[in-house]
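Please look through the sequence and the model shown here. The paragraphs that follow go from one part of the chain to another.

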Amino acid sequence: MERPPATYQVHGPSLRKRRMDQGLTVQEAADKAGISRSYLQRLETGIRKRMGPKRYTRLRTALNATDAQLCPPHIPPEGR
């Protein structure tokens, strides 16, 4: 069985858009995910970019989101 990564990188603007699309305030989303409001705000603003697997899974579940909806968009390598 494959182990989850040590941390997950999240894309703040995508995270905020998903939360707002769900009609949740920062506090409501944080409460649903079992994290603090300030932690969620730091993720949304890009001050923090990584989360541990347990928190990430709870947040993804709270927002009914997929990995693709929360992770940073793929940026192709330059020169290709």
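**A walk through the model**

Leucine 70 is placed in helix H5. Helices here are DSSP runs of H or I with at least four residues, strands are runs of E with at least two, and both are numbered from the N terminus. Leucine 70 is buried, because its relative accessible area is 0%; buried means under 20%, exposed means over 50%, and partly exposed lies in between, with a 1.4 Å probe and protein chains only. Along the chain, leucine 70 and arginine 18 are 52 residues apart, while their C-alpha atoms are separated by 7.8 Å.

This is a predicted model, in which local features need pLDDT of at least 70 and side-chain atom pairs count only at pLDDT 80 or more, whereas totals for chains, interfaces and linings use all residues. Residues are numbered from 1 along each chain as its sequence is written, and side-chain values use heavy atoms, with hydrogens and water left out.

Next comes the nonpolar interior. A nonpolar core is a set of buried Ala, Val, Leu, Ile, Met, Phe, Trp, Tyr and Cys residues joined through side-chain atoms within 4.5 Å. The largest such core has 19 residues, and those touching the most other members are Leu15, Ile35, Leu40, Leu43, Met51, Leu59 and Leu63. Two or more residues are given to this core by each of H2, helix H3 (37-45) and H4. The most come from H2, which gives 4 residues.

Valine 26 lies in helix H2, and it is buried because its relative accessible area is 14%. From glutamate 2, valine 26 is 24 residues away in sequence and 32 Å away in space, C-alpha to C-alpha. Glutamate 28 also has its place in helix H2, which covers residues 26-33. Glutamate 28 has 38% relative accessibility, so it counts as partly exposed. Between glutamate 28 and glycine 12 there are 16 residues of separation in sequence and 17 Å in space, C-alpha to C-alpha.

How many salt bridges does the structure hold? There are 4 salt bridges, each being a side-chain nitrogen of Lys or Arg within 4 Å of a carboxyl oxygen of Asp or Glu. Side chains of opposite charge can pair when their charged atoms come close.

One of these salt bridges joins arginine 16 to glutamate 44, with the closest N and O atoms 3.2 Å apart. Arginine 16 is in helix H1 (residues 12-21) and glutamate 44 is in helix H3, so the pair ties together parts that are 28 residues apart in sequence. Arginine 16 counts as partly exposed because its relative accessibility is 34%, whereas glutamate 44 counts as buried because its relative accessibility is 4%.

Another salt bridge is formed by the side chains of aspartate 21 and lysine 17, at 2.8 Å from N to O. Aspartate 21 and lysine 17 are 4 residues apart in helix H1, so about one helical turn separates them.

Arginine 60 forms a salt bridge with aspartate 67, where the closest N and O atoms are 2.9 Å apart. Both partners count as partly exposed, because relative accessibility is 24% for arginine 60 and 36% for aspartate 67.

Helix H4 (residues 53-62) supplies the largest share of the positive patch, 3 residues. Arginine 58 lies in helix H4, and it is partly exposed because its relative accessible area is 37%.

Is asparagine 64 buried or exposed? Asparagine 64 is exposed, because its relative accessible area is 56%. Its phi is near 50°, a positive value in a residue other than glycine.
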